[in-house]
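Thanks for coming. I will take one residue as a starting point and then go out to the whole chain. Please look at the screen.

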Amino acid sequence: MAGFFTSRLFFVSLALVIIAATLPLYVSGYVLGLLTVAFYFGVFAMAWDLLFGFAGEVNFGPTFLIGVGAYTAGILNAQFGWSVYLCIVLGALASVIAGLVLALPALRVRGPYFGLTTLVAVLMLQNFVVVFADLTGGEIGLTIPDVITINAGANYWIALGFMTISAAILYGLSQSPVGLVLQASGQDPVQAGALGFNIVKHKLAAFIVSAFFSGLSGALLVFYFGTASVGTVVDVAVGVNVIVSAVLGGRRTVLGAALGAIFLIVAGEFLRPTGELATFIVSAVALLVVLFFPGGFLGAALSREARS
């Protein structure tokens, strides 16, 4: 980990963050709003990459954790009028509890069954939102009376700071001894277990960390939008975007997942005038990256640097 602070990746990342921090000084509110959403999705993707890239568990339902945090925070604010910051903390806590409840039985199964379990959890959450419409707002969505701020620049800096801090923590965790154990258990759980590592315990810890950052980011996002709905934080399509972002950026890189999310959000928005063709173009690019650059954007760049 100490070598990271002298690596090219660190200095490039630092330069990008510094440049990004100056954008509110000379770009429009529209661009800032777009990037604000992209930064929150970057945290979604990094949290997902920790579980899949290192622990080797394919979570097909990242929006379960995101949605629990988002709706918990939104409901507490809309129904009880609690402060925004308390609701955000409780939303993250609710996501951790939900992740723990889901992970305990899910980690006992192997292969695709873990992914199917997480996918079913998303469908159950969607049904919960619709059935308890008086509480959640149903298909129309939940209107949240409070927001963090209405200033576009402040919202942008909050999202950028949150993504930067999350990236530092998640990347540091991935490079720690815990991250190495997760990587070993993801590649060969039998051999890792034979070496004396508690595989289930480490994977459970990774799931809880992923749940915390997913729920916290989801809660922040709904207080930016001012509303929570299935289409924005729970829908399976949102989860697909999170997964594709992590794969585009580079599996097992953490930082690459954030780059993939920013690329996906920005590219989709700029291609919006093309209508339905936008989804086709972005999907085609993602497919080409998976086929020809399986390491993703950052993975390919790091491999080229290592060879040189």
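L35 is buried, at 12% relative accessible area. Buried means under 20% relative accessible area, exposed means over 50%, and partly exposed is in between, with a 1.4 Å probe and protein chains only.

Before going on: this is a predicted model, where local features need pLDDT of at least 70 and side-chain atom pairs count only at pLDDT 80 or more, while totals for chains, interfaces and linings use all residues. Residues are numbered from 1 along each chain as its sequence is written, and side-chain values use heavy atoms, without hydrogens and water.

L35 sits in helix α2, residues 29-54. A helix here is a DSSP run of H or I with at least four residues, a strand is a run of E with at least two, and both are numbered from the N terminus.

What is L35 in contact with, leaving aside its neighbours within four places in sequence? The partners are L23, Y156, I262 and V266, where contact means heavy atoms within 4.5 Å. Take V266: 231 residues separate it from L35 in sequence, yet their C-alpha atoms are 7.4 Å apart.

Now the chain. It has 15 helices and two strands. Of its 308 residues, 48% count as buried. Among contacts between residues at least 6 apart in sequence, 78% join residues at least 24 apart. Along the principal axes, the C-alpha atoms fill a box of roughly 50 × 45 × 40 Å.
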